[in-house]
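Me: I am new to this structure. Could you show me how to read its helices?

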Amino acid sequence: MTTSMTIAQAAEATGLTVHTLRYYERIGLLDPVGRGDNHHRRFGPDDLNWIAFLQKLKSTGLPLRAMLHYAQLRRRGNTVESVSQRKALLQAHTLAVEATLAELQGNLQVLQQKIALYGELERQAAVDQCTAVAATP
């Protein structure tokens, strides 16, 4: 028995809106979603797995146009050309993500240094204040 979800259930499960799911299907990011006897969309496990992967791509900054290209390549099946192009797309994106992470790591280090500096300045200010109070007759 295959389990499936309505579009509302799929939206809740993925964190996307119903509108977004319909949009993704309309532009071809999602394959046409199966329909129930009532002609309403029924999202299966494969649909949800694909959506989860798309969300990873999106959250790592892959542009929608590149996601659409990847989806088109995926529809071509596991031919040598399709697999090679998908692999190359993901490799290029991985390099971009790694560069972003390196930049963020550097920025984080600067922030941590500033926080440490301000901690030291706070301690010094507290010592100076105590010294000033103690020196007051």
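Predicted model: local features only at pLDDT ≥ 70, side-chain atom pairs only at ≥ 80, totals over all residues.

Me: Which residues of helix 1 are buried?

Reply: Helices are DSSP runs (H or I, at least four residues), numbered from the N terminus. Buried means under 20% relative accessible area, exposed over 50%, and partly exposed in between (1.4 Å probe, protein chains only). In helix 1, residues 7-14, the residues Ile7, Ala10, Ala11 and Thr14 are buried. They line one face of the helix, because they fall within an arc of 100 degrees seen down its axis. That arc is taken from the directions from the helix axis to the C-beta atoms. Glu12 and Ala13, on the other side of helix 1, are exposed.

Me: What covers the buried residues of helix 1?

Reply: Look for contact, meaning heavy atoms within 4.5 Å. The cover includes helix 2 and helix 3. Glycine 15 follows helix 1, with a positive phi near 85 degrees.

Me: How far apart are the end C-alpha atoms of helix 4?

Reply: The expected span of a helix is 1.5 Å times one less than its number of residues. Helix 4 has twelve residues (64-75), so it should span 16 Å; its end C-alpha atoms are 17 Å apart, which agrees.

Me: Which residues of helix 4 are buried?

Reply: Met67, Tyr70, Ala71 and Leu73 are buried. They cover an arc of only 160 degrees around the axis, which puts them on the same side of helix 4. The buried residues of helix 4 pack against helix 3 (45-59) and helix 5 (80-135).

Me: At what angle do helix 3 and helix 4 pack?

Reply: Axes are lines fitted to C-alpha atoms, for helices over the stretch in contact, and angles run from 0 to 180 degrees between N-to-C directions. Helix 3 and helix 4 pack at about 145 degrees, with axes 11 Å apart. Helix 3 contributes Trp50, Phe53, Leu54, Leu57 and Lys58 to the contact, and helix 4 contributes Met67, Tyr70, Ala71 and Arg74.

Me: Is histidine 39 buried or exposed?

Reply: Histidine 39 counts as exposed, at 61% relative accessibility. Histidine 39 lies in the loop between helix 2 (18-27) and helix 3. Its phi is positive, about 70 degrees, although histidine 39 is not a glycine.

How values were computed: Residues numbered from 1 in each chain as written. Heavy atoms only, no water. Helix = DSSP H or I, 4+ residues; strand = E, 2+ residues; numbered from the N terminus.
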